[in-house]
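I opened this notebook to record what I looked up in one structure. The entries follow in the order in which I made them.

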Amino acid sequence: MKIQFTKYHGTGNDFIMVDCTSYQKEDFVLTNEQIGFLCHRRFGIGADGLILIFKHPDLDFEIVYFNSDGSKSFCGNGARCAVKFAQSLNLFCDTCSFMAIDGVHSASIHEDLVSLK
């Protein structure tokens with residue numbers, strides 16, 4: 001499987017970002033082993049986590065965050081990077097609301113500063 005990705009760095013962490021806006025969540029599935037391989041620093045791309053960006057029916061977008069072992073969670077640094085990536089995908093302009101594993105979050109961007117609430 002070929003996956004187009006972008007790599008982002010935020011406050012000491014790095015993340016693999018994947019634009020999944022043309023997929024439904026159930027149609028883009030990776031195993032823990034695949035995620036671990038992608039995040040592996042020696043044999044894969046190398047990252048602290050993998051972030052998938054999906055469209056959301058009521059919000060600007062949805063993020064699905066995976067730790068490098070494939071487990072799902074929320075990461076503040078990852079979320080800030082995801083917000084900047086979502087802006088680059090033209091999903092919003094300066095402020096947004098997005099869904100994550102722990103619920104709805106809001107964020108804003110002023111120049112290159114991403115503020116997450």
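I took contact to mean heavy atoms within 4.5 Å. The model is predicted, with local features needing pLDDT of at least 70, side-chain atom pairs counting only at pLDDT 80 or more, and totals for chains, interfaces and linings using all residues. Residues are numbered from 1 along each chain as its sequence is written, and side-chain values use heavy atoms, with hydrogens and water left out.

Entry on Ala79. I located Ala79 in helix H2; helices (H or I, at least four residues) and strands (E, at least two) are DSSP runs, numbered from the N terminus. Ala79 counts as buried because its relative accessibility is 0%; buried means under 20% relative accessible area, with a 1.4 Å probe and protein chains only. Neighbours within four places in sequence aside, I found Ala79 in contact with Ile63, Phe74, Phe98 and Leu116. Its C-alpha atom is 9.3 Å from that of Ala107, 28 residues apart along the chain.

Entry on the sheet. I read an open sheet of seven strands in the order E1-E2-E3-E4-E5-E6-E7, with mixed pairing; two strands pair if DSSP finds at least two bridges between them. Strand E1 (6–10) and strand E7 (113–116) are the edges, each pairing on one side only. I noted that strand E6 (residues 103–110) pairs with E7 in the antiparallel sense over four bridges. Ser108 has Ser115 in E7 as its bridge partner.

Entry on helix H2. Helix H2 (residues 76–88) lies across E1, E2, E3, E4, strand E5 (95–100), E6 and E7. I recorded that H2 runs at about 40 degrees to E2, where axes are lines fitted to C-alpha atoms, for helices over the stretch in contact, and angles run from 0 to 180 degrees between N-to-C directions.

How values were computed
Buried < 20%, exposed > 50% of the residue type's maximum accessible area, 1.4 Å probe, protein only.
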